[in-house]
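Trainee: I would like to go through the labels on this model and ask what each one rests on. Where do we start?

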Amino acid sequence: MSIRLRLALQFAAILAVTLLLFSVVIYYFTYQARQESFTQSLFARARIVAHVYLDGTNRADEASRISYRRYLRQFYRTLPEEEVRVYNASNRVVFREGQPTEVPVPVSLLMAVRRSGKQVRLSHNFHQTVGLLYRDARRGDFVVVASSTDLDTRDRQLGLRNIMIGGLLASLIIVGIGGWFFAGQALSPMQKVVREVDSITASDLHRRLSQADGYDEIALLAQRFNQLLDRLEVAFAGQRTFVRDASHELRTPLTVLIGELEVALLQQERSPQEYRRVLQSTLDAARLLKDLTNGLLQIARASDDPSQVPLTVVRLDELLLQAHEEVQRRHPTCRVDLEFGDVPARVQQPFAVSGNETLLLSALLNILENACKFSVGSETPVLAVLSTTATQVVLEVRDHGVGMSEADRQQVFVPFFRAETMRAIPGHGIGLPLTAKIMSLHRGAVRVESQLYQGTQVWLEWPALG
């Protein structure tokens, strides 16, 4: 079922329920009001008949009494199928007016009238019976029972019901057509959005939806979709750049390998020393290729869904000592000093974060190894300071190496980017991008500050476990 049809049906259903409840309420209260009015009319008839009977019986002769009653009939007998009975103290009928029926009045109704002074008994099909206690000082108490059928209310209520049913059906038809039309008008921008989305392909991600101007729900949806397209465009561009740069970096050691092997195979016989040189050159190229491949695999792993990466409680002070030992093994001439800040008293697990130990160790190694590589020749040692608060753990690594310009600093998280001052230093431009991905995976952050020929500072920040 389309949204347009569903909206039209829902709107019609809401209106139908509302009109139905409104009609029922009107019908009910109209019926109650007319019924109460008819009941009062019956009581008025009962009082008039009682007055006619008692006043007429007090006249001197029978002819006078009959004439008096005939004179009053033309004023009070206006109800359809009306019958009025007057009962004496012995519950015997002493007077009857209207259309006689053979249906007896229950004694229980007479007794109830004598107790309460007034009683109403309703029957089906708008027929109503009332009883009234009429007191006479000379002749005692009488019970007057009047009954009649409220034909006027029956006819009017039937007409009202037909009008309401007809009006409800007509309203539903009108609302259904109108709802279908207005739902189509309301959803036309959505249909335009769907057509525009269908026309966007991977080759033209620069295109954007045109319905993003405004503050309604469709405009907000278009804005969010345009933001998604922005991220996809950046991701596609980054992917193309990554593939291009990775291909370039992989081609360099492969070219060296192929060139050295071709020279060794195709040219004249060489001395053992020359063959050893060729083997050493190819080994170095193979190691370079292995390091590059490992770096690419680590970047891919660091880009995984965080929910798929196992996380445990990791003590960064212990991990930093482990990374320091590995860096000293790889760069024995580089001096790295460690400094641990004071732990606040309210911190129960100092330097503890939630993370993946392997990935975090890779991030620490990248930062420390970069500091060692880019500070070669500096007499000032690399300083790594680990500190913690109740909410954050921070590692600052500071070197006094070649540094970089501000333009280069803004590109350090782009894979395979190499600053101008660092291109003579062996590397692939993978370390900092990999570290940034690892920190993002751990809900952390990495910041870099640097000045040309004055050194570089890197901050790694994690949310603390406390």
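Mentor: With a definition. A charge sits over a ring if NZ of Lys or CZ of Arg is within 6 Å of the ring centre and within 35 degrees of the ring normal. Keep in mind that this is a predicted model.

Trainee: What makes lysine 118 count as lying over the face of phenylalanine 43?

Mentor: The distance from the ring centre is 4.8 Å. The cut-off is 6 Å. Arginine 447 has its charged end over the ring of tryptophan 459, at 4.6 Å from the centre.

Trainee: Why is the pair of tyrosine 28 and phenylalanine 29 called edge-to-face?

Mentor: The planes of tyrosine 28 and phenylalanine 29 stand at 80 degrees, and the centres are 5.3 Å apart. Centres must lie within 6.5 Å, and planes over 60 degrees apart count as edge-to-face. So the label edge-to-face holds for this pair.

Trainee: Is phenylalanine 29 buried or exposed?

Mentor: Exposed, at a relative accessible area of 53%. The threshold is over 50%. Tyrosine 28 has 44%, so it counts as partly exposed.

Trainee: What makes tyrosine 31 and phenylalanine 126 a link between parts of the chain?

Mentor: Tyrosine 31 belongs to helix H1, and phenylalanine 126 to the loop between strands E3 and E4, so the pair ties together parts 95 residues apart in sequence. Their ring centres are 5.7 Å apart and the planes are at 75 degrees, so this pair is edge-to-face as well. Tyrosine 31 is partly exposed at 24%, and phenylalanine 126 is partly exposed at 22%. The structure holds three aromatic pairs, these two among them.

Trainee: How do you know that cysteine 334 and cysteine 372 form a disulfide?

Mentor: Their S to S distance is 2.3 Å. The limit is 2.5 Å. A search of the whole structure finds one disulfide.

Trainee: Why is the disulfide called left-handed?

Mentor: Because the torsion about its S-S bond is about -80 degrees. Cysteine 334 sits in the loop between H7 and strand E7, and cysteine 372 in helix H8, so the bond ties together parts 38 residues apart in sequence. Both cysteine 334 and cysteine 372 are buried.

Trainee: Which residues have the most contacts inside the largest nonpolar core?

Mentor: Leu395, Leu460 and Trp462, in a core of 40 residues. Helix H8 gives the most, with 10 residues. Beyond its neighbours within four places in sequence, leucine 460 is in contact with residues including Leu364, Ile367, Leu395 and Met439. A second, separate core has 17 residues, among them Tyr53, Leu54, Val86 and Leu132.

How values were computed. Residues are numbered from 1 along each chain as its sequence is written. This is a predicted model: local features need pLDDT of at least 70, side-chain atom pairs count only at pLDDT 80 or more; totals for chains, interfaces and linings use all residues. Side-chain values use heavy atoms; hydrogens and water are left out. A nonpolar core is a set of buried Ala, Val, Leu, Ile, Met, Phe, Trp, Tyr and Cys residues joined through side-chain atoms within 4.5 Å. Buried means under 20% relative accessible area, exposed over 50%, partly exposed in between (1.4 Å probe, protein chains only). Helices (H or I, at least four residues) and strands (E, at least two) are DSSP runs, numbered from the N terminus. Contact means heavy atoms within 4.5 Å. Rings of Phe, Tyr and Trp (its six-membered ring) pair if their centres lie within 6.5 Å; planes under 30 degrees apart count as stacked, over 60 as edge-to-face and the rest as tilted.
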